[in-house]
Amino acid sequence: MSTEKPVFRHPQATRNTLGLTRKDYEGAVSTLCAGCGHDSTTNAIIQACFELAVEPHRVVKLSGIGCSSKTPAYFLSRSHGFNAVHGRMPSVATGANMANRELLYIGISGDGDTASIGMGQFAHALRRNLNLNYICMNNGCYGLTKGQDSATADFGSAGKKGVPNPYSSIDLCELAIGLGASFVARGFSGDKQQLVPLIMGAFAHQGLAFIDVISPCVTFNNTATSTKSYEYVREHSEATNTFDFIPLQQEILTHYPEGTSQEVIMHDGSIIHLHKAEAGLTITSRRKALDNLEEQKARGRLLTGLLYINPESKDTHEIINSTLRPLNSLGEADLCPGNAALQQINAGLR
Amino acid sequence: MQPTNTDNPEYFHKVIDCQYACPSHTPVPEYIRLIGQGKYDEAFRINWISNVFPGVLGRICDRPCEPACRRSRVEETPVAICRLKRVTADYKNPATDFRLPVPSAKNGKRIALIGAGPASLTVARDLLPLGYTVDLYDDQSKAGGFIRTQVPSFRLPEKVLNEDVDRILTMGVTTFFNQYVDSLKKIVDQGYDAIFVGTGAPRGRDLPDLPGRREGAAEIFIGIDWLAGVLYRHIVGCGPRVLVLGGGNTAMDCCRTAKRLGADEVSVIVRSPRAEMKASPWEIEDALEEGIPIIDNHAPLEFVVEEGRLTGMKFQKMTAVYDRDGRRRLIPSAEPPVVIACDQVILAVGQMNSFPFIEGDLGLTMNDHGLPVLDRTTHQSTVPHIFFGGDAAFGPKNVITAVAHGHEAAISIDLFCQGRDLHDRPGPAHTLVSQKMGMQDWLYDSSVSVDKRHAVPTVDRAKSLRDRLIEVELGFDKPTANHEASRCLNCDVQTVFTYSTCIECDACVDICPEMCITFTDNGDADDLRARLLAPADNREQDLYVSPPLPTGRVMVKDENVCLHCGLCAERCPTSSWEMMKYTYKSRVAGEK
């Protein structure tokens with residue numbers, strides 16, 4: 001087995017505005033099973049970072065435990081990384097984010113790491129609208145421990161062992177919308193055309209951006225009876241909208257006929273152009289977003305794409321009115337304003 | 001695009017750039033792999049079967065394979081294929097007899113070969129094992145033709161040439177050396193079943209109309225004749241200042257030889273710009289390294305003869321002008337003519353065919369260029385039992401082309417002697433064999449070496465310039481040969497795609513270091529090339545397109561810079577990608 005990629009890359013490989021090629025955003029060669037959906041998700045992240053010309057040293061990758069949580073080793077090898085305790089990625093991300101709000105935070109988790117052991121952490125990160133890109137690689141099973149059903153396995157779905165799941169499943173997107181995430185999307189590792197713009201949109205979003213990526217486990221849960229197999233997802237997915245993500249400062253080259261697209265202006269000035277499907281869905285209302293999900297579910301369909309967005313939301317820093325500067329840039333004068341300031345505070349409390 | 005038909009033997013053949021570019025289609029990656037395994041005999045045998053003269057070609061081949069090498073599209077320089085060929089000849093077991101078995105019972109057919117160059121010798125090699133009686137005629141005392149007389153010993157030692165030539169002669173060729181065939185009719189009258197003419201392009205071009213040509217004749221030489229004179233020691237020295245006219249490989253051989261015969265100053269004068277010289281880049285490089293300047297854009301005006309003695313040459317400076325289609329015209333520049341002083345001039349300005357021995361009443365039709373009218377495929381002339389090959393067939397080319405001609409002519413002669421249709425020729429033999437050894441292990445070394453091209457060590461320059469018999473290049477030692485062999489990208493190990501089992505997980509797309517693979521909606525070639533993940537503008541390289549997949553998309557692989565690293569197959573969960581070794585072998589005479 002090859003543990004290293006050859007060093008050569010396409011001689012005409014394109015460069016982004018930083019002068020970097022895609023190679024500059026790659027990581028080590030994956031040791032996951034061949035064909036794992038996580039690898040594709042990883043590559044969608046690489047592609048999004050490359051296209052947005054993200055500076056690798058301005059990125060923090062965080063993860064918990066599981067197959068999915070191994071993937072930060074496979075992208076952005078020139079970025080910062082933290083591999084946390086099982087289910088505890090959100091609290092580490094919160095700490096890091098509090099210390100330096102200027103970096104781009106990519107939290108990688110899986111369905112076990114999020115919906116089981118890390119559920120409590122997940123819920124509170126959502127509630128606080130932490131400025132974190134929370135990507136959950138969701139394959140409906142515990143691949144690292146040989147494929148037991150996870151909490152996101154659909155009722156009746158059966159993996160390689162053939163026993164249908166008797167429990168009802170947790171819909172992470174509904175949960176995220178309900179608990180306060182301000183950007184919620186669902187993608188599929190096998191559809192990068194949709195997934196890459198979703199990730200780019202999430203990066204531009206200020207607040208918690210949650211992407212539930214259905215990412216099939218080829219080894220344990222890619223069976224004909226599974227609802228998280230490549231084939232099932234392809235046949236049952238229904239997209240809310242297709243959309244283009246136009247980063248800030250990029251010339252707008254495409255013009256859309258009036259009435260066919262909706263413009264959402266992001267916090268940083270980037271624009272998301274939603275191309276309405278025939279039954280254009282409203283995704284800026286929480287209630288409607290939840291309705292949309294339930295409606296498609298009732299029809300046996302899996303709704304994908306951008307499900308809910310609130311570009312006006314306040315992230316944790318804004319909510320708690322914390323310092324605008326990274327902690328590492330605060331000097332003694334900032335941290336210890338002196339006796340006069342103390343007296344002023346004390347006077348205010350009298 | 002239509003799905004690629006990989007059953008067409010030429011599809012995967014074309015992916016093996018070096019083999020495809022070689023006129024004889026030598027299976028290059030296979031012998032390079034064997035060198036890496038230390039199996040020099042087997043590597044040599046592959047060359048001997050395919051290109052007949054491994055020792056010779058490992059030194060002087062025109063190497064069409066190297067510019068074609070994929071490595072030069074991936075990094076800067078191709079694999080040193082030619083010098084690795086030499087390695088097989090250098091390190092094979094000297095005791096091994098590579099000659100092909102020749103039946104003692106002859107088949108009763110007699111073949112005459114005229115000219116003992118590489119084309120004729122190839123015909124002999126191919127026909128002897130089939131039981132033919134082969135008579136070889138040449139005006140020289142030894143076989144080899146222009147390889148012997150034109151290629152100086154410091155590039156090709158006589159010992160090496162003799163070994164390659166004798167391997168064939170001792171298979172049972174009846175030789176008639178020192179016999180100039182002055183009449184093809186006489187040969188025809190001897191009742192041969194077939195006659196092969198491989199007499200090369202034996203006449204060096206002259207500049208007969210240039211003023212001073214006649215007066216200075218004593219110090220003006222025709223390049224190829226001069227080189228032959230040096231070989232046979234009729235010429236043992238030369239003047240202190242020598243001008244060599246011409247920009248081809250013969251000019252390079254002449255100037256380097258002159259240097260070794262004691263000339264103090266040797267210059268090469270070329271009419272056209274340096275970049276358009278016909279000589280191989282490496283030969284130009286060798287001449288420059290030996291301190292021989294190349295003066296370009298100088299057209300000869302006259303030989304300057306003073307008091308009956310050649311004292312220099314007058315040149316007009318030229319300027320190259322390119323029209324809109326990129327065609328070049330040379331126009332005289334405004335500068336006055338220049339005189340370059342010299343004591344001797346060697347003209348290496350081209351070669352011509354010449355067939356003074358072919359009588360007009362033989363029925364052999366010649367074309368406007370003075371060349372025989374031939375069937376391009378069969379090499380048959382307008383006289384059914386007379387065939388042509390090598391430089392004598394379609395004009396001056398190179399040794400490896402002559403070998404390829406020899407193979408084709410031998411097939412034709414064999415079919416002809418059996419009374420069969422000459423166009424009903426045997427196709428190439430090809431196989432496609434899986435390289436899978438385990439889950440993610442291959443029978444070939446799939447890792448991609450980052451070594452830069454290794455330079456061939458040479459003898460001390462001062463020493464080599466003193467003696468024209470000392471070979472300049474020493475050849476690779478075994479460890480360096482191994483390293484150089486590891487640079488080969490194994491282009492014969494094909495990425496074979498089975499569309500019916502693909503689940504479109506994108507694993508191959510994600511892992512491919514060169515972004516060769518794209519899953520997308522089908523379109524015509526132009527449209528597809530514009531939509532692939534990486535630029536696909538090398539149109540000489542094919543796109544490998546699958547039938548439609550379940551999502552309606554197709555798999556498109558641009559073959560251009562594929563490293564054959566096998567990662568797509570390693571990361572494929574359903575083995576829809578498989579690494580399979582493609583062997584392609586051109587048929588030789590007698591094979592079905």
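Predicted model: local features only at pLDDT ≥ 70, side-chain atom pairs only at ≥ 80, totals over all residues.
In chain A, eight strands come together as an open sheet. Their order across the sheet is 2-1-3-4-8-7-13-9. The pairing is mixed. Strand 2 (80-83) and strand 9 (237-239) of chain A form the edges, and each pairs on one side only. From one strand to the next, the twist averages 20°.

One pairing within chain A can be followed in detail. Strand 3 (residues 104-110) and strand 4 (residues 133-138) of chain A run parallel. Five bridges join them. In strand 4, A:Asn133 is the bridge partner of A:Ile106.

Helices lie across these strands. Helix 1 (residues 37-51) of chain A lies across strand 3, strand 4 and strand 8 (209-214) of chain A. Helix 1 runs at about 155° to strand 4 of chain A.

The largest nonpolar core has 50 residues. B:Leu127 and B:Ile413 have the most contacts inside this core. Helix 17 (residues 399-417) of chain B supplies the largest share, ten residues. Leaving aside residues up to four places away in sequence, B:Leu127 touches B:Ile111, B:Tyr132, B:Val134, B:Ala410, B:Ile413, B:Asp414 and B:Ala589. Another core, of 49 residues, lies apart from the largest one. Its members include B:Tyr11, B:Leu34, B:Cys488 and B:Cys568.

Note on methods. Residues numbered from 1 in each chain as written. Chains lettered and ligands numbered in written order. Heavy atoms only, no water. Pairing = 2+ DSSP bridges. Helix = DSSP H or I, 4+ residues; strand = E, 2+ residues; numbered from the N terminus. Axes fitted to C-alpha atoms, helices over the stretch in contact; angles between N-to-C directions. Contact = heavy atoms within 4.5 Å. Core = buried A, V, L, I, M, F, W, Y, C linked by side-chain atoms within 4.5 Å. Buried < 20%, exposed > 50% of the residue type's maximum accessible area, 1.4 Å probe, protein only.
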